[in-house]
Amino acid sequence: AASAISSLVTDNSSKPLDSTFQQTSGGQLGPYKAALFNVPNCASPPKLADVGDVNKVSDVLKQYLFRVGDDGTCLYDPNFLAVCNPPLAPDTTYRFKYVLLDSTEGIMKDQTLWSDPIKTRKVKLPLKIDTWPGRRSGDMIVITSILSVLVFLLLAGFLASVSSAVMGSEDSSAETRSVSQTTQQSEPRPQLSSE
Amino acid sequence: MAKSDDTCILQGPLVFGNVVIGMCGIALTAECIFFVSDPHGLYPLLEATENDDIYAAAWIGIFVGFALFALSILGIVGVIKSNRTLLLVYIILMLITYAFEMASCITAATHRDFLTPNLFLKQMLERYQKSETVNNNDKWMTEGVTKTWDKLMLQNQCCGVHGPSDWQEYMSAFRITHSDADFPWPHNCCVMDAQGSPVNLDGCKLGVPGYYNSNGCYDAISGPMNTHAWGVAWFGFAILCWTFCVLFGTMFYWSRIEY
């Protein structure tokens, strides 16, 4: 189907075609006219290097750049009378050319070749972004493992000291019980002798 | 209560150990209060990812630091008086505090790993200037993310997470309401003049060097967050290593005190 579309921009008498964006369905049915501007002043043009200068950048951009798809509102504005240059579609291949017109006679004087095909971007969905962090960092592994070992050692030490304290107190309470029994046995004898 | 020679020698180091724990506790509290106060204003980004556990770790750090300070005083009193009850209470409460601080360190270290560039990229694309919010929670998070990103881009002269191309490569909530022709990237990515408006809007939209911010904001986000997470995790780890030695010595001291 692509080869059947005419890529001519003029009719038989070299008059340029006036097809608009809407008429050609955005360029699908044939070439459309995106803009019309005067031949720029080549006698003393602004220097390209001046693009860094804040005061001169507007002039430089106007002289050297034409932006296809610059006007986002002309398609929806019923009063718009000039040439409409609406934004291009995504994920589509386009070609461009410049045409030189004689405005008094209204015929084409010269034209460039069609440019190489340029494909517009296809946007990726943010849903598809993979947020999985991957491997654990070394820092986290060191901290977790060493702290786990330390806590284990602390708990073991705590149990050991508590159990040694409990067993120590059992020994000491057994000693005090046997001491009290011997003192009770020795007491009654002095009473018998006095009577 | 009789003391053997073992315990006399241990008293000095244990008191010193507890003094250090007390000072470190105060330092930990101060550090964690600083982090929780969010001086860089990045909390809304974490809140919207629903992964703000490095802040939970800092909150635990505040209370643990204060507990360490209080317990160190108890420990000093218990060691000097060689009181078995006081020291037993000290050991048990210290073990509990130890467990909490361990949780804080591990949480901070683990959750830092989740804060990858892709996480912030996805969140920025899905929430920045999102126009139709479903409920109040969604609205709150969207406003937080939008304000934070606007401030980030203006203050750090950056754009997007990796660069302005993020806005071109991916579909976004911003793109739904702002056409590609007028806003290839948000206007906050443009170099601003003193009044806060772009120096040259066409230059910014066309990507002319010097009129837009070409570097990404990831460094400005990850720098403070790394400081926060590593500050909580590693300082806490250092305190816990020191506390381990002091606690072990205290348990040994306690078991050697005779009734």
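## Helix packing and overall form of chain B

In this predicted model, helix α3 (residues 53-81) of chain B packs against helix α4 (residues 84-112) of chain B at an angle of about 160 degrees, their axes 9 Å apart. That makes α3(B) roughly antiparallel to α4(B), a label for angles over 145 degrees. Axes here are lines fitted to C-alpha atoms over the stretch in contact, with angles running from 0 to 180 degrees between N-to-C directions. Helices are DSSP runs of H or I with at least four residues, and strands are E runs of at least two.

| Residue class | Residues in the contact |
|---|---|
| Nonpolar | 18 |
| Polar | seven |
| Charged | three |

Let's step back to the whole chain. Chain B has 10 helices and zero strands. Its radius of gyration is 26 Å, well over the 18 Å that the globule rule gives for 259 residues, so chain B is more spread out than a compact globule. That radius is taken over C-alpha atoms, and the rule is 2.2 Å times the number of residues to the power 0.38. The C-alpha atoms of chain B fill a box of roughly 90 × 35 × 25 Å along the principal axes.

Of the 259 residues of chain B, 51% count as buried, meaning under 20% relative accessible area (1.4 Å probe, protein chains only).

A note on conventions: residues are numbered from 1 along each chain as its sequence is written, and chains are lettered from A in the order in which they are written. Local features need pLDDT of at least 70, side-chain atom pairs count only at pLDDT 80 or more, and totals for chains, interfaces and linings use all residues, while side-chain values use heavy atoms, leaving out hydrogens and water.

Definitions and conventions. Parallel < 35°, antiparallel > 145°, perpendicular 65-115°, else oblique. Nonpolar A, V, L, I, M, F, W, Y, C, P; charged D, E, K, R; others polar. Buried < 20%, exposed > 50% of the residue type's maximum accessible area, 1.4 Å probe, protein only.
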